[in-house]
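Take a look at the model below. This report walks through its parts, one heading at a time.

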Amino acid sequence: MLPNAEIQKILAEIDEKKKRADELALEFRRLYQESQEAYAEGDGELAKELSEEGHEAQDECEALNEEVADLYRELRDLKRQTARISVLPQTALQGMPVSFQKAVTDTLNTLPARHVSAKLIERVSYSDRYIVGSSGNPIQANTNFNKVTGKATIVINRQTPTGFKSLGNVEIATAHEVGHVVYREILTDRQKANWNSNFNHPKGPEESFAESYRYYYLNREKLAKDFPLAKIFFDQLNLE
Ligand SMILES: [Zn+2]
């Protein structure tokens, strides 16, 4: 079933159960009331009977309310999933080993939805190329920004001349690239200036931001231990 159809079904179920629970609540209150009246009039036998009926109705009512609470929980999970589906950028990762494709999409899913929204990221794609940077290390991913729309395209490259070897590295590369997007598209000028003057890096402040970003979202404890000031800075950015 499509998530939206499933959501409609659950909402209808919740409605029905709530209606029945409300009826039962009226009923058991009425029964308790009548039981008290019967008792006051000296009819102990009837009072006991009515009170037992009241308890039965109350038990049924409470069970229904619990079912309703479970359904609401289910509904929240489903809504979270559909929100994800609609904000995740287009991915075009064919050609990568499936486990590596999954590592990329799982990583995107662990980041705040706002950071991987289709409004900011047009595409996450696989280039099938092996590119070595000036340092002699492979460039595992890079990001291009569309000059007109400002939207980003994240490109994942090979890790070795023949393909891939580390799932951990593809996760790191993916989160790092989203860090570039957040730096350019989400930080305010003031936040950027503040970061730039405090956290420079041989490769420039944007690079150090992207690295801190991936630490913050993939391994926050390590960031707190190794770069406590960067961790505090990120906490205060309130990016989520
Ligand atoms: Zn970078």
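## Helix 3 and helix 4

How near do the axes of helix 3 and helix 4 come, and at what angle do they cross? The axes come within 9 Å and cross at roughly 40°. Helix 3 covers residues 98-110. Axes here are lines fitted to C-alpha atoms, for helices over the stretch in contact, and angles run from 0 to 180 degrees between N-to-C directions. Helices (H or I, at least four residues) and strands (E, at least two) are DSSP runs, numbered from the N terminus.

Helix 3 and helix 4 are therefore oblique to each other. Angles under 35 degrees count as roughly parallel, over 145 as roughly antiparallel, 65 to 115 as roughly perpendicular, and the rest as oblique. The crossing of helix 3 and helix 4 is right-handed. A crossing is right-handed if the near helix is turned clockwise from the far one by less than a right angle, and left-handed if anticlockwise. In helix 3, Ser99, Phe100, Ala103, Val104, Thr107 and Leu108 take part in the contact. Their partners in helix 4 are Leu167, Val170, Glu171, Thr174 and Ala175. Contact requires C-beta atoms, placed from the backbone, within 7 Å. By class, this contact has seven nonpolar residues, three polar and one charged. Ala, Val, Leu, Ile, Met, Phe, Trp, Tyr, Cys and Pro count as nonpolar, Asp, Glu, Lys and Arg as charged, and the others, Gly among them, as polar.

## About the model

This is a predicted model: local features need pLDDT of at least 70, side-chain atom pairs count only at pLDDT 80 or more, and totals for chains, interfaces and linings use all residues. Residues are numbered from 1 along each chain as its sequence is written.

## Helix 4 and helix 6

Helix 4 (residues 167-185) also packs against helix 6 (residues 205-218). Their angle is about 125°, and their axes are 7 Å apart. That makes helix 4 oblique to helix 6. This crossing, too, is right-handed.

Residues of helix 4 in this contact include Glu171, Ala175 and Tyr183. On the helix 6 side, Phe209, Arg214 and Leu218 are among them. The contact has nine nonpolar, three polar and four charged residues.

Four strands form an open sheet in the order 1-2-4-3, with mixed pairing. Strand 1 (90-92) and strand 3 (141-145) are the edges, each pairing on one side only. Strands pair if DSSP finds at least two bridges between them.

Strand 2 (residues 121-126) runs parallel to strand 4 (residues 152-156), with five bridges joining them. Ser125 stands opposite Val155 there. Strand 3 and strand 4 are antiparallel, again over five bridges. Phe145 faces Ala152 of strand 4. These two strands form a hairpin with six residues between them. In the turn, Gly150 has a positive phi of about 80°. Helix 4 lies across strand 2, strand 3 and strand 4, at about 25° to strand 3.

Technical notes:
Two residues are in contact if their C-beta atoms, placed from the backbone, lie within 7 Å.
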